[in-house]
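Colleague: I should be grateful for a guided reading of this model before I turn to my own work on it. May I put my questions to you one at a time?

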Amino acid sequence: MNTDRTLMRQVVHRDERAFALLVERYGGRMLAVARRLLGSQADAEDAVQRAFLRCYLGAAGYRVEWAVSTWLYRILTNVCIDEMRRRRSRSTGSEALTRETAAAANGRGDSIDAVARLDVRRALRRVPREARILVTLRYVDGLSYGELARIRGISVNTVKSQLARARSILRGALGGGKGR
Amino acid sequence: MTARPRPDDLRLEEWLSGYFRPEPIPAGLARRIVRAATTMEETMKTIARTFSIQATRNGVALVARRRPAPSTGGAGGRAGGIGPAPEGRAGRAGASADRLAAQARRELREYLNGERSFFSVPVDLSALPEFQRRVLEETMRIPFGEARSYTWIARRIGRPRAVRAVGTALGRNPVPFIVPCHRVLRSDGSLGGYAFGLGMKRRLLELERATPLLEGCRSTHIVCRVGCGAAQRMRSDHRVVFGSVAEARTAGYRPCRVCRPAAA
């Protein structure tokens, strides 16, 4: 059976097949995390590529007491946070937003209606960054409070309070129609 | 747009899980990553193996490609590349120069491993003509992971028309990597030139993009610049990247007193 940990042990020895399986297993969710944090598809692919590159080269630093997914998400969040820092001075994802608006108008987005999707995106912008990261990881992969705490190096209580705050901001932003 | 009623918790959960669906994985991603990783690793190893460092007692004065060694064991202990390679020299000045060269080797090795975002070893440019020295000093002010144009440098040193001369001065940079001439590009964003080939320039820029600037330790709750000596013993799974010192503070971290990340 190819458990995550078995695969990681093989990646340490530069086993490309094992690495490809890991990418296949987590790539989609990692892309979703990066896309939601960074806005554009191209930046998200870059970030995921860089995160996996670190995983491949730094596999020896992996410790078995971590779930592989937690470890991967930690690397990815680290990459994304650093990327967001770099572009802070530049203008933020307005181009990506325009594209999303166009997609919404074309009726893409099947599981939730496209308008709600755009609203969620806008609402999320009001959530402070550290909390937004937690929300993203929580919803893309259902990570536990403990895992989130580990990934961001904070206490479980801080995770809970940040998530509660984010939800309340989202509820307000999605209901009130304020700031449209 | 009409205002909707506040969504109840269930509806909010539904929207959020819909919004955060996984994305399709681009074809060939794993193969591309392996290829990029291998190239990156080879480049960095080549630099570590083929460059040697010389210092005066005031700082690093030369980082240069070594001439191919005629045979191993010959050239007076220089076989270690940027690895530890004591160079016999007499006197106190020689000792401090050796110490600085050793520090530069260590820092360069960490930099190439993506474990360092700044150099603390001093640089000695005193033997250079004034114009070149000013160009290089200005180049050292370009932040890690960023890039500026030849024109920008020319303007900053008060010689806005000397763009070409700036390029020449950078091309003869005696202390590459540590004086980051690879961070200087053309105004249109294209790479311009590089003494060791554009491939290496591109990979150095990519290395810096992949190296974070600020890192906190989960157990001490201190945030450092990546490469800080005080953080060297930090366990790899204790490292948490932060976007700014302010954000680190909101997570309960305080800035390191050794590397002073707030001033970075």
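Colleague: Which part of chain A has the lowest confidence?

Modeller: Chain A averages a pLDDT of 82, and 81% of its residues score at least 70. The highest mean in chain A, 94, belongs to H2(A). At the other end of the scale, with a mean of 43, is helix H5 (residues 94-105) of chain A.

Colleague: Over which residues of chain A is the pLDDT below 50, and how many contacts does this stretch have beyond near neighbours in sequence?

Modeller: Where pLDDT is low, the predicted coordinates should not be read in detail. The pLDDT falls below 50 over residues 89-111 of chain A. Beyond near neighbours in sequence, the number of contacts this stretch has in the model is 20.

Colleague: How many helices and how many strands does chain A have?

Modeller: From the N terminus on, the elements of chain A run α-α-α-α-α-α-α-α-α. Chain A therefore has, by the DSSP runs, nine helices and zero strands.

Colleague: What share of the contacts in chain A with a separation of 6 or more joins residues 24 or more positions apart?

Modeller: Of the 180 residues in chain A, 47% are buried. Among contacts with a separation of 6 or more, the share from residues 24 or more positions apart is 61%.

Colleague: Is A:Trp71 buried or exposed?

Modeller: A:Trp71 lies in helix H4 of chain A. Leaving aside residues up to four places away in sequence, A:Trp71 touches A:Tyr62 and A:Trp66. Because 24 other C-beta atoms lie within 10 Å of A:Trp71 and the cut-off is 20 or more, A:Trp71 is buried.

Colleague: How far apart in space are A:Trp71 and A:Tyr145?

Modeller: In sequence, A:Trp71 and A:Tyr145 are 74 residues apart. From C-alpha to C-alpha, their distance in space is 15 Å.

Colleague: Which residues touch the most other members of the largest nonpolar core?

Modeller: In soluble globular proteins, nonpolar side chains tend to be buried together. The largest nonpolar core here has 80 residues, and H2(A) gives the most to it, with twelve residues. The residues that touch the most other members are A:Ala34, A:Tyr56 and A:Leu76.

Colleague: How many residues are in the second, separate core?

Modeller: This second core includes B:Val175, B:Phe177, B:Ile178 and B:Cys181. Its number of residues is 33.

Colleague: Which element gives the largest share of the side of chain A that touches chain B?

Modeller: The contact takes 50 residues from chain A and 45 residues from chain B. By class, the side of chain A has 20 nonpolar, twelve polar and 18 charged residues. The largest share of that side, twelve residues, comes from H2(A).

Colleague: Which element of chain A do the buried residues of H7(B) pack against?

Modeller: Helix H7 (residues 198-210) of chain B has 13 residues and reaches 18 Å from its first C-alpha to its last, close to the 18 Å expected. Its buried residues include B:Lys201, B:Leu204, B:Glu208 and B:Ala210. The buried residues of H7(B) pack against H3 of chain A.

Colleague: Which are the edge strands of the open sheet in chain B?

Modeller: The four strands of this sheet have the order S7-S5-S6-S8, with mixed pairing. S5(B) joins S7 (residues 239-241) through three antiparallel bridges, and B:Glu215 stands opposite B:Val241 there. S5(B) also pairs with S6 (residues 222-225) in the antiparallel sense over three bridges, where B:Gly216 stands opposite B:Val223. Each pairing on one side only, the edge strands are S7 and S8 (254-255) of chain B.

Colleague: Which residue in the turn between S5(B) and S6(B) has a positive phi?

Modeller: S5(B) and S6(B) form a hairpin, with four residues between them. The turn residue with a positive phi, of about 60°, is B:His221.

Colleague: Are the faces of S5(B) covered or open?

Modeller: On one side of S5(B), B:Leu214 and B:Gly216 are buried.

How values were computed. Residues are numbered from 1 along each chain as its sequence is written. Chains are lettered from A and ligands numbered from 1 in the order in which they are written. A residue is buried if 20 or more other C-beta atoms lie within 10 Å of its own, exposed if 12 or fewer, and partly exposed in between; C-beta atoms are placed from the backbone. Helices (H or I, at least four residues) and strands (E, at least two) are DSSP runs, numbered from the N terminus. Two strands pair if DSSP finds at least two bridges between them. Two residues are in contact if their C-beta atoms, placed from the backbone, lie within 7 Å. Ala, Val, Leu, Ile, Met, Phe, Trp, Tyr, Cys and Pro count as nonpolar, Asp, Glu, Lys and Arg as charged, and the others, Gly among them, as polar. The expected span of a helix is 1.5 Å times one less than its number of residues. pLDDT is the predictor's confidence in each residue, from 0 to 100. A nonpolar core is a set of buried Ala, Val, Leu, Ile, Met, Phe, Trp, Tyr and Cys residues joined through C-beta atoms within 7 Å.
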